[in-house]
Amino acid sequence: MSNEYLMKEYELCFQQLRYYDDRNTNLLKYLFSLTSAIATAQFAVYKFLQGPSLDFFVCQAFLSSIVFISTLLLYLALLQNRLYFVYIARQLNAIRGYLMENEAPQFRNNQLYTSTDFPALKPGSVHTFQLLGAAFLSSLFAGISAYSFYPSVGKLPCVATASLTFFLVLITEIIGGMVYLSSASKKSADHAIHGQGAASS
């Protein structure tokens, strides 16, 4: 195998890894900017209407529903980005491990990663906490939307329905994300992303 090719592959993979890392940061920025802006807008509408009127609840239900859908899409993008990040990191580690073994066997003090079988779902990872935060914000706006829906159709607001909606959406997003990352990261990249090739053992 040409080491020149491997070095070029390593360089390109490293660039791609930085891209996914930057993309993760940008997605989080979009998420926090959107939720902060809408929360501020809802408060401004509340102050403008001088209380929780029917118009306020209609506006809040509409805005919260839009934000919920948007944050759900951002959460899904963060999940996909995590999976792509892991595949690129595995490739980098594989190349580094090969070169260490075949080109520098005398180098016994390697300080960087060579593992190629680490999971995409890692409880202690910063990405995991970021995903949990994204799921929480998404679920929060789902709950607010449910809370505001009843007054917007002439009924009393229901805290129980809002809380149930919040917890159901939160649990669904977290468990769904865990299952996705856990199952997809056990497959080869071709099989997980494109549905081609055999799943890795």
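**View 1. Helix H4 and its span.** At 1.5 Å a residue, the 26 residues of helix H4 (residues 159-184) should span 38 Å, and the 37 Å between its end C-alpha atoms agrees with this. The expected span is 1.5 Å times one less than the number of residues, and helices are DSSP runs (H or I, at least four residues) numbered from the N terminus. This is a predicted model, in which local features need pLDDT of at least 70 and side-chain atom pairs count only at pLDDT 80 or more, while totals for chains, interfaces and linings use all residues. Residues are numbered from 1 along each chain as its sequence is written, and side-chain values use heavy atoms, without hydrogens and water.

**View 2. The buried residues of H4.** Buried residues (under 20% relative accessible area, 1.4 Å probe, protein chains only) in H4 include Phe-166, Leu-170, Glu-173 and Leu-181. Their cover includes H2, helix H3 (126-152) and helix H5 (189-194).

View 3. Arg-82 belongs to helix H2 (residues 54-102). Arg-82 is buried but has no salt bridge, and the nearest side chain of opposite charge, Asp-21, is 8.1 Å away. A salt bridge requires a side-chain nitrogen of Lys or Arg within 4 Å of a carboxyl oxygen of Asp or Glu. Beyond its neighbours within four places in sequence, Arg-82 is in contact with residues including Pro-119, Ser-125, His-127 and Leu-181; contact means heavy atoms within 4.5 Å.

**View 4. Glu-4 in helix H1.** Glu-4 lies in helix H1 (residues 3-48). Its relative accessibility is 67%, so Glu-4 counts as exposed (over 50%).

Definitions and conventions:
Helices (H or I, at least four residues) and strands (E, at least two) are DSSP runs, numbered from the N terminus. Lys and Arg count as positive and Asp and Glu as negative; His and the chain ends are not counted.
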